[in-house]
Amino acid sequence: MLESPGIVVLTGAGISRESGLATFRDPDGVWARVRIEDVATPEAFARDPARVHGFYNARRAQLDEPAVAPNAAHMALAALERSWPGAFLLVTQNVDDLHERAGSRRLVHMHGELKRARCTRCEATQAWSAPLDTRTLCPSCVMPGGMRPDIVWFGEMPYHMDRISAALARCGLFVSIGTSGNVYPAAGFVAELRGRAETVELNLLPSEGAALFDDAIHGPATEVVPAYVARLLARWT
Ligand code: APR
């Protein structure tokens, strides 16, 4: 029996679409309604913090709506992590909490999390479910006016890149799910792995980087992800 390969799974907004959360670049996506430059850059926050807080407060509150829950794709990835005999890391670009709520543990949020906040004065981060505003006191340094969403904005360095690079360097299988392949460094992972790992894309439509993958299965995540995980476990365990 061959040793099971290490797996790195990358997810994007498409995996949460069937849980009721909008993607970014689909016609009904977030960036069709609001400009990145107005709400998702450090400059936007410096210029109009109240507007940026309003944008993220609305998205954070949406996670507590009863209809927004992990779907079969999130659940399948948590089951894969529990059953997989080899190394496993789930790297998500998503800032929602659906992977955690599905039971995923070996998980990193490279673009941060809606349910965390960070103080720009003392750099402490905390779990955060309430609205943030310019008067919010930091629970650590008790200074006002420095709290921001713990989200990686455009122009900022993604989180956990050392851990992600180490996992990519040793993986034998890379599975990209529900991402358009528009935003780096995540969009560059597949090119990094060519010839070194088996790469597959599970997506509703071919992504920007579709030609770089060894294999592609197109369809809604709640259909293609559970079926793919079942085949993978049947083959390797
Ligand atoms: N099942 C599977 N894939 C889907 C589904 C679905 N039900 N619905 C949409 N998709 C696919 C779309 O075809 C698209 O390729 O999900 C992808 C979503 O792409 P984007 O909206 O660009 O989201 P994402 O790739 O996660 O964006 C990356 O960009 O705006 C920044 O920081 C933000 O993390 C985000 C990053």
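Colleague: Which residues are exposed on the other side of α8?

Modeller: Bear in mind that this is a predicted model. The buried residues of α8 are A221, V224, V225, Y228, V229, L232, L233 and W236. Viewed down the axis of α8, those buried residues fall within an arc of 155°, so they line one face of the helix. On the other side, the exposed ones are E223 and A234.

Colleague: Where is confidence lowest in the chain, and where is it highest?

Modeller: The chain has a mean pLDDT of 97, with 100% of its residues at 70 or more. Helix α8 (residues 221–236) has the lowest confidence, at a mean of 96. The highest, at 99, belongs to strand β2 (residues 88–92).

Colleague: How far apart are the end C-alpha atoms of α8?

Modeller: Start from the 16 residues of α8: at 1.5 Å a residue, they should span 22 Å. The model agrees with that, since the end C-alpha atoms of α8 are apart by 22 Å.

Colleague: What covers the buried residues of α8?

Modeller: Helix α8 packs on a sheet, touching β1, β7, β8 and β9, and its direction makes about 150° with that of β8. The cover over its buried residues also takes in a helix, α4 (72–83). So that you can find them, the covering elements include α4, β1 (6–11), β7 (171–177), β8 (198–203) and β9 (215–218).

Colleague: Which strands stand at the edges of the 6-strand sheet?

Modeller: That sheet is open, with parallel pairing and the order β3-β2-β1-β7-β8-β9. Its twist averages 15° from one strand to the next. Two strands have a single partner each, so one side of each is left without a neighbour in the sheet: β3 (107–109) and β9.

Colleague: How many residues of β7 are buried?

Modeller: In the strand order, β7 sits between β1 and β8. It runs parallel to β1, joined by 6 bridges, and pairs with β8 in the parallel sense over 5 bridges. Strand β7 is mostly covered, and its buried count is 6 of 7 residues.

Colleague: Which residue in β3 does V91 stand opposite?

Modeller: Strands β2 and β3 run parallel and are joined by 3 bridges. Helix α6 (residues 161–170) lies across both of them, as well as across β1 and β7, running at about 120° to β7. As for V91, the residue opposite in β3 is V108.

Colleague: And the 3-strand sheet: which strands stand at the edges there?

Modeller: This one is also an open sheet, with the order β5-β4-β6 and antiparallel pairing. The twist averages 40° from one strand to the next. A strand with a single partner has one side left without a neighbour in the sheet, so the edges are β5 (125–127) and β6 (147–151).

Colleague: What is the bridge partner of R116 in β5?

Modeller: Strand β4 (residues 112–119) pairs with β5 in the antiparallel sense over 3 bridges. In β5, the partner of R116 is A127.

Colleague: Last one: at about what angle to β6 does α3 run?

Modeller: Helix α3 covers residues 49–62. It lies across β4 and β6, and its angle to β6 is about 55°.

Note on methods
Residues are numbered from 1 along each chain as its sequence is written. This is a predicted model: local features need pLDDT of at least 70, side-chain atom pairs count only at pLDDT 80 or more; totals for chains, interfaces and linings use all residues. Side-chain values use heavy atoms; hydrogens and water are left out. pLDDT is the predictor's confidence in each residue, from 0 to 100. Helices (H or I, at least four residues) and strands (E, at least two) are DSSP runs, numbered from the N terminus. Two strands pair if DSSP finds at least two bridges between them. Axes are lines fitted to C-alpha atoms, for helices over the stretch in contact, and angles run from 0 to 180 degrees between N-to-C directions. Contact means heavy atoms within 4.5 Å. The expected span of a helix is 1.5 Å times one less than its number of residues. Buried means under 20% relative accessible area, exposed over 50%, partly exposed in between (1.4 Å probe, protein chains only). The arc is that of the directions from the helix axis to the C-beta atoms.
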